[in-house]
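Please read them alongside the sequence and the coordinates.

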Amino acid sequence: MVFRSTDGEHTWQTSLDAIFADDDSDVAADASDSDGFLSEFGSLRSSIIFFLAYSFLPPSLRADSSGFSTVSTQNKEVQDELAVQKKKLDRLKKKDPEFCKFLKSYSKSVEKSRNEMRVCCVAFPPFMVSNQNSLGSGICATLVAKTSKDVASSSDSLEKMYGLMRQSNGGSKVVFEQYSDEDETSNNIGVDLLVEDAAAVNRGKVLTSSIIDSWCKLVTEEHSEPALISLLNAYRAACHYGSESTGLPDTGSRRRIPDSETFCNILMFVLREADNMFRSLLKIPSSNCKKETILELKSTSKWKIFKPLVKSYLRSTLYLLNQVTNSEILAFSLNQLRASIIFFAAFPSSLRRLVKITVHLWAGGGPLSSPSFLIIRDVASVFSSTSFDTCLIKTYRAYISRCEFLDIANIRHIELLRNSFVELCSLDVEKSCSKAFLSIQQLLKILQHGLRTKAEEAVKKTCSWQYVNCIDLWVMFISANARSYDLQTLLYMTIQLINGVAYLFPGPRYFPLKVKCIQWLNRLSSSSGIFIPVASLVLDLMEYKIGKEGGNSENSFHATSYLKLPKHWLKSQKFQEECVISAIELLSVHFAQWSYHISFPELATIALIRLRKFYERTTIEGLRRVVKRLIDQVEQNVEFVQKKRDEVAFSPKDYQAVDSFLQLEKGSLNSSFTQYYKSVMEKAALRNLQKNEQR
């Protein structure tokens, strides 16, 4: 066997998972971005809110007045924050002249509305009851200001909001919150809620069940945006539960969850309702799963308003998936997040982070593999080709890493990962073929070096679970798509690779590896319809020279979890039985595929000769019986095909007629050899089941 290589001498040393570059730069950048807390200041809307609140402040309390010259040290943060917001507002005025004109025209209505403002005070700070210029410390104050209808109607973008100014313990913060002003009834409810929430805030922002239930009611019944914002901040706190920080200490946004009931209520409600809420706010049908919908929305003012809410939910959920260990919470979160996949189109770095987290959960095993893969598959199919490449590379690397060690316990999980990866590759066969070509080429380089030098390192690398499972991966991919796509290049490369592995390890200790090679070739032949000669490889299994029998040293023979058998197993009678029975099964699969082909008599000739020799040589009655039955069935099928062939009038060069030979009989599946093949496979399945029970 000849392999050609034009690459360097040491290219075979590259690890199997290193041939595909994996860039995590976006993930790193995402990790340092906003943590998902919804600040009340942001972009145009925040500037308008600031302008309203700033306009309502008495002149002595404005940042640009002399009243702040005597502000105490502990309240200096208020002055700094107002100064920062004023600078932002000034920049916005310069950037947007129309907005500047709006503010000037609006200032007159603001002056009028100050006389009509209705104020509800929970606790008055010193500057509201005296002429003191400094902000008092140690007193909690909540000021709910309602603008008049004429002021509220001057800008639809304000959404008839309240300006809520909170001063936390020590008087160190002033926070403005949006509030809906739909009608008088909802106003009263909202004011009561805000007053109650303010009291909770000043006791440490304890999120009680009553507060959460009130927010949930406002969101579901009145579609209250402020309540939704509060819920999302509470959800963020729940997702960060148990970490060092559940808020931003420098903004006084800490929220405490007192019990597990509240924790569960927050998580369950937001995860269950978030997607519906966002779709309702953005007018996106529930059946719409196209990323273009979000990309088109990105340029609208509506998206700019609700973008922070969507981002907070997605990022908080990602943090939850990365921290929680409870499989039930993770499975529920994954299933609910899957419905909101399209929103990640607006946040590419968060999308990459989602892929990284779900790939980790997928490879980890257990009940999380399936829901995690559904998200990976959706990302690969919904988003761009770059996202598909990212999913493909990360899943491949995770699969190879997981395959480094294999035992009986995780065989099924490895098979699940393999099948999932093949399904992912089948979404874009053309792109997957390019990856498969690079991987198979690397496998061939390793094999070539081993065949040429017999170097221990190269041979050991070839006979490793990573190498074997990598071949298995691409065999399954080619088999799944060979009928629908032109994969001949990959097919022939893989056949050459498998034959080379079988040639490199001819001894009986590598019996499990050789069985795998024959199974791969049978699968490729069946899926592609191309004849691959495997009979000689199979019959070699029956002719292994067994050492002096040492008795039944093993109660059961489990070759599945081995690539190289222990030496003492070779002396066991069970090993010889396993070799013969495996050969019978593999030959049956090979012959069954071609049992209706016009050339079956020639195909079976050499195999029959070697089977008869083994039958005459062996002395074990059980083995003689199964071999004799196979010989009889093959001879009977040879006679059947020969008889039908003698009746035809077409030439062997008439390929169309050759292909149609015995197609009617093949469709009926009533031939003797077909029935024999079914019985062999049933016994093989039963035998494997018994082995699994004995593990």
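1. C463 is buried, its relative accessible area being 16%. Please keep in mind throughout that this is a predicted model.

2. Where is the closest cysteine sulfur to that of C463? It belongs to C517 and lies 9.7 Å away, which is too far for a bond, since a disulfide requires sulfur atoms within 2.5 Å. A search of the whole structure likewise returns 0 disulfides. C391 also counts as buried, because its relative accessibility is 0%.

3. As background, nonpolar side chains in soluble globular proteins tend to be buried together.

4. Once neighbours within four places in sequence are set aside, F343 is in contact with D275, F278, R279, L282, I284, I294, W303, V310 and L314.

5. How do α20 and helix α22 (residues 511-528) cross? Their axes come within 9 Å and cross at roughly 15 degrees; because angles under 35 degrees count as roughly parallel, the two helices α20 and α22 are described as roughly parallel to each other. The crossing in which α20 passes α22 is left-handed.

6. The contacts between these helices involve W465, V468, I471, D472, V475, M476, I478 and S479 on the α20 side, which meet L513, K516, W520, R523, L524 and S527 in α22.

Notes
Residues numbered from 1 in each chain as written. Predicted model: local features only at pLDDT ≥ 70, side-chain atom pairs only at ≥ 80, totals over all residues. Heavy atoms only, no water. Contact = heavy atoms within 4.5 Å. Buried < 20%, exposed > 50% of the residue type's maximum accessible area, 1.4 Å probe, protein only. Axes fitted to C-alpha atoms, helices over the stretch in contact; angles between N-to-C directions. Helix = DSSP H or I, 4+ residues; strand = E, 2+ residues; numbered from the N terminus. Parallel < 35°, antiparallel > 145°, perpendicular 65-115°, else oblique. Left-handed = near helix turned anticlockwise from the far one by under 90°.
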